[in-house]
Amino acid sequence: MLGGVQISPDRVEAALMGIDGGIRLCESMDYGRTSTAEHLRAAIIAVTDKCFQGQEIIGIGVAASGMVNASTGQIISMHLTPALGGMEIGNILGSRFGVPVLVDHHPRVQALGDRWFGLGRNIQDFASVYTGEALGFGIVYCGEIVRGKDGAGGESGHTTVQLDGIQCRCGRNGCWETIATLGWLRETAGTLELPAAATMDCRQLVKLSREKVPDAEKLLDTYARNLAVGMANNEQVLASGTYIMHGDVCGGGEPMRLALKRWMHEFSPHRGVPPVILLAASPDQMSLLGGGGMVLSSAFSTIA
């Protein structure tokens, strides 16, 4: 059996799965972003205990938001939930369950899920894109995950797309995250006085667009354009060719996929075949499955 864990700003989720990717047991717990480190640690232990205690597991793979040190298993920082910064999640789970624990940046683990169990199974080059409150890529190149030393890099949401742009929560200006996340979408929807702007997401925006609510269709197109800016930058550098979308934009379904495809064709190098845009299935459990994929990759010394 394999263990998968996802640690995000708002919740921890764990899954016990077979080597075929079939999830046998799944548990989760929400926590506040201002929680103390002790509370967060207790939540992580409570959830993982329910899934892994008494089970014969090969290892545990952890997908963590924020910056990580993949060599030490430490979450270096997480802007949205500061108390997770510095947490040595690898040591915490390793000492508790007595198995190898692998920790990596969430989008890279998500990409492993796509590679082992999802839409990327038969694709050698692709980018797995997370959208929502944050943005990120996990990139598979020639069948292998791209990562820097000790798990550095992969912070595509904090690449600069506007030199004179607004300040990002990371402290820099003009990051991709400042123009293409739910925070930006909701603020812009509020300025346009769209219904339910404070909770706006892609699913709701597509619904409003279909209902011909003023400015909704234009905002949907702008959302797709802003996402495509960062994705096309990757296309210029690595030419991933295929983009597997996860998170918020998947709620927009085919209208959002087509808008992304149109803008990606506009912004990307014209080599005859435009980039392919795929939407992950719902429910989206690829980060948890990617945790299992990390364990398999380590055990078989492949694609990790």
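These legends describe close-up views of a predicted model. Local features need pLDDT of at least 70 and side-chain atom pairs count only at pLDDT 80 or more, while totals for chains, interfaces and linings use all residues. Residues are numbered from 1 along each chain as its sequence is written, and side-chain values use heavy atoms, with hydrogens and water left out.

**View 1. The aromatic pair Phe137 and Trp176.** A search of the whole structure finds 6 aromatic pairs, where rings of Phe, Tyr and Trp (its six-membered ring) pair if their centres lie within 6.5 Å. The ring centres of Phe137 and Trp176 are 5.6 Å apart and the planes stand at 50 degrees, so this pair is tilted; planes under 30 degrees apart count as stacked, over 60 as edge-to-face and the rest as tilted. Phe137 lies in strand 9 (residues 136–141) and Trp176 in the loop between strand 10 (144–145) and helix 4 (177–180), 39 residues apart. Helices (H or I, at least four residues) and strands (E, at least two) are DSSP runs, numbered from the N terminus. Phe137 counts as buried at 7% relative accessibility, and Trp176 counts as buried at 0%; buried means under 20% relative accessible area, exposed over 50%, partly exposed in between (1.4 Å probe, protein chains only). Together with Tyr243, Phe137 and Trp176 form one aromatic cluster.

View 2. Strand 8 (residues 126–131) and strand 9 run antiparallel and are joined by 5 bridges. Ser128 stands opposite Gly138 in strand 9.

**View 3. The largest nonpolar core.** This core has 37 residues, and those with the most contacts inside it are Leu205, Tyr223, Leu227, Met231 and Met256. A nonpolar core is a set of buried Ala, Val, Leu, Ile, Met, Phe, Trp, Tyr and Cys residues joined through side-chain atoms within 4.5 Å. Elements giving two or more residues to this core include strand 8, strand 9 and helix 8 (253–267). Helix 7 supplies the largest share, 9 residues.

**View 4. The surroundings of Met256.** Leaving aside neighbours within four places in sequence, Met256 is in contact (heavy atoms within 4.5 Å) with Cys202, Leu220, Tyr223, Ala224, Leu227 and Val249. A second, separate core of 29 residues includes Val12, Val62, Phe97 and Val103.

Conventions: Two strands pair if DSSP finds at least two bridges between them.
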